[in-house]
Amino acid sequence: LCNNASICNVIPGDIARPFRAFTANTAPIYLAGAIQRGGTDWDFLAVKLNSNGALDTSFGFSGAQAPTFDRPGSDNGDYGTALVVDSGASIVPDTLWIIGNVSQSCKTGVGFAKLDGNGTLDNTFGSFGRTVHGGSTALGVLCNIAFNDYAADVTLQGNNIAVAAGGYRVDGISGETIYNGVTVIANKTTGEFRSRDTHTYIAFGERAGNSTLKGIVPTGNGRYAVSGEGNGLGLFSLYMTAVVRPADTIFSDGVDP
């Protein structure tokens, strides 16, 4: 994948292993992260290992695949941060969803890439296996007031992919940097956007400080348990957890809980 680039680095983001009911010990191992190939050109990275830790050379290009988003400003850096695997039967390839941060020239959005266990992008998902939600390509003042969305974790529930998108980052009026937690929901089959919800640290009915999501798991009925960190009310560091109900819950699996 380095293709003789003068600079070539990789950074890890996450690891996952599919469930195999009768062949658990031989299940492959998938890694997600990012690869730099010269200058500031970073792309998502997926790697597949056999159960013994050796590269599975049948995956992508000799064991690795690097989905490129080709968004405006994407050479500024697209970083894969987390992945989730849906295991197939013994004759059906696994399905991988990798999420991360995609530069859109002004502000960063949340990128999704969908591949199968052979390293092939699913062309029915988004645009040739990739989709981006959030971020901005605006210029000038509009760029200054736009949000950076960034991704931390990913999970599946029903027909959806849910992302603990870490949150968004924006400069406040007085010059301080403001962070709020965010979840982004997309359809796991098509990549279609479902909802983007802000989860603000509230105390006594008002915003009390910064919050950033780090992890997410499904709890059923379109709800998710999230964890993260933040600060406020005179405390420099807080551990946070909550159960959240994204805005599209009323349409989740056709049932309003």
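Figure 1. At 41% relative accessibility, E229 counts as partly exposed. K214 is likewise classed as partly exposed, with a relative accessibility of 45%. In this predicted model, K214 and E229 form a salt bridge whose closest N and O atoms are 3.7 Å apart. The pair links distant parts of the chain, with K214 in strand β16 (residues 206–220) and E229 in strand β17 (residues 223–232), 15 residues apart.

**Figure 2. Salt bridge between D94 and R20.** The closest N and O atoms of D94 and R20 are 3.0 Å apart, and the two residues form a salt bridge. D94 lies in the loop between β5 (78–86) and β6 (95–103), whereas R20 lies in the loop between β1 (8–16) and β2; 74 residues separate them, and the pair links distant parts of the chain. Both D94 and R20 are buried.

**Figure 3. Salt bridge between D43 and R37.** D43 and R37 form a salt bridge in which the closest N and O atoms are 2.7 Å apart. D43 counts as buried because its relative accessibility is 5%, under the 20% cut-off. In total, six salt bridges are counted in the model.

Figure 4. I29 lies in strand β2, which comprises residues 29–37. With a relative accessible area of 17%, I29 is buried. Leaving aside residues up to four places away in sequence, I29 touches I15, A16, R17, V47, K48, L49 and N50. The C-alpha atoms of I29 and V85 are 9.9 Å apart in space, while 56 residues separate the two in sequence.

**Figure 5. Overall context for the close-up views.** The protein contains one helix and 18 strands. Its radius of gyration is 19 Å, close to the 18 Å that the globule rule gives for 257 residues, so the protein is as compact as a globular protein of that length. Taken along the principal axes, the C-alpha atoms fill a box of roughly 55 × 45 × 35 Å. Of the 257 residues, 50% count as buried. Among contacts between residues at least 6 apart in sequence, 49% join residues at least 24 apart. The protein exposes about 12,500 Å², of which carbon and sulfur atoms supply 54%. There are 16 positive and 22 negative side chains, and the centres of the two sets lie 2 Å apart.

Notes
Residues numbered from 1 in each chain as written. Predicted model: local features only at pLDDT ≥ 70, side-chain atom pairs only at ≥ 80, totals over all residues. Heavy atoms only, no water. Helix = DSSP H or I, 4+ residues; strand = E, 2+ residues; numbered from the N terminus. Rg over C-alpha atoms; globule rule 2.2 N^0.38 Å. Buried < 20%, exposed > 50% of the residue type's maximum accessible area, 1.4 Å probe, protein only. Contact = heavy atoms within 4.5 Å. Areas by Shrake-Rupley, 256 points an atom, 1.4 Å probe, with all protein chains shown as cover. Lys, Arg positive; Asp, Glu negative; His and termini not counted. Charge placed at Lys NZ, Arg CZ, Asp CG, Glu CD. Salt bridge = Lys/Arg side-chain N within 4 Å of Asp/Glu carboxyl O.
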